[in-house]
Amino acid sequence: MSQALQSLLDLLDLERIEQDIFRGQSRSAVVPRVFGGQVAAQALVAAGRTVPEDRFAHSLHAYFLRAGDPGAPIVYSVDRIRDGRSFTTRRVVAVQHGQPIFHLSASFQAHEEGMEHQAAMPPAPDPETLPTAAELLPRYADVLGDPAVVERLLEARESVDLRYVDPPPYGTVGETREPHSQVWFRTNGKLDGAVDQPLLHVVLATYVSDMTLLDSILLAHGRGGWVTGDVVGASLDHAMWFHRPFRADEWLLYDQESPSASGGRGLGQARIYTQDGRLAISVIQEGVVRIPRELS
């Protein structure tokens, strides 16, 4: 396991300070606020620690309320909404400086057999043939401008091996493209031993799911994104459905598209497949996507 991955696991390992109250640490993201995927993942950890081990996360619905302060810890308060015979529901509120910054509802289900069908996996190249972040990002140093941006992006990718099938938005600034994006991802190292729990794989996929989902919106308008400064934005809400077991340390295809952008908001939707073609997760997110006034 890489040191970067261990650092991420440490970040997601919350401290229990009361029966249903947990504290997590924060760290800066590419932009000067707490990465939304971190808050969502930590909230899911908090919820999962109040649920019987034989129940597995099958969905989450969340709202990002305020930007997180990377210099302060986050307190997660869990409300035990329901413990049913088949389903368990939890609500989590994340608080910083006395104010809620994030709200999550998550549902867990005992294993059950049922009907099976799924959407077919779309075509995608072998992830091993695609450039790593360390190989890709230096190519766009001129577009990104500040060398510190490249370094922050590389640091954000140290724990996760994320590979773009086509150039990222900042790779084709000014060129409008189909609002569709694919990336392959997996953790940068294997998960084994005591940490290799089903909830951790779901939590790590939740963490990564906020990294690129709004890219397809930018592609439709030839924008480079937050790292180039030609748009400003933030995640508004986020929903995930976990259909089938998967491992976050094995390749997952994140197939993303945007069906709409209007009113200063854009919608991203996606499906995540295992490398052998099983549909593991569905994801939908809406975000604020605005053109800065000086550029409009």
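Trainee: What makes the second largest cavity a cavity, and how much space lies in it?

Mentor: About 30 Å³ of space lies in the second largest cavity of this predicted model, where a cavity is a set of points, on a 1 Å grid over the protein atoms alone, at which a 1.4 Å probe fits but cannot get out. The volume is the space filled by probe spheres set on those points, which are joined across faces, edges and corners. The model is predicted, so local features need pLDDT of at least 70 and side-chain atom pairs count only at pLDDT 80 or more, while totals for chains, interfaces and linings use all residues. Residues are numbered from 1 along each chain as its sequence is written, and side-chain values use heavy atoms, with hydrogens and water left out.

Trainee: Which residues line the second largest cavity?

Mentor: Its lining consists of Y164, D166, P167, P168, P169, R177, H180, S181, D215 and L219, each counted because it has an atom within 4 Å of a point. Strand 8 (180-187) and helix 7 (215-220) are the elements giving two or more residues to this lining, with helices (H or I, at least four residues) and strands (E, at least two) taken as DSSP runs numbered from the N terminus.

Trainee: Why are 5 residues of this lining called nonpolar?

Mentor: Ala, Val, Leu, Ile, Met, Phe, Trp, Tyr, Cys and Pro count as nonpolar, Asp, Glu, Lys and Arg as charged, and the others, Gly among them, as polar; the lining therefore divides into 5 nonpolar, 2 polar and 3 charged residues.

Trainee: How much space lies in the largest cavity?

Mentor: The largest cavity holds about 60 Å³, and strand 7 gives the largest share of its lining, 3 residues.

Key. On a 1 Å grid over the protein atoms alone, a cavity is a set of points where a 1.4 Å probe fits but cannot get out, and a pocket is an open set with protein on both sides within 12 Å along at least five of seven lines; lining residues have an atom within 4 Å of a point.
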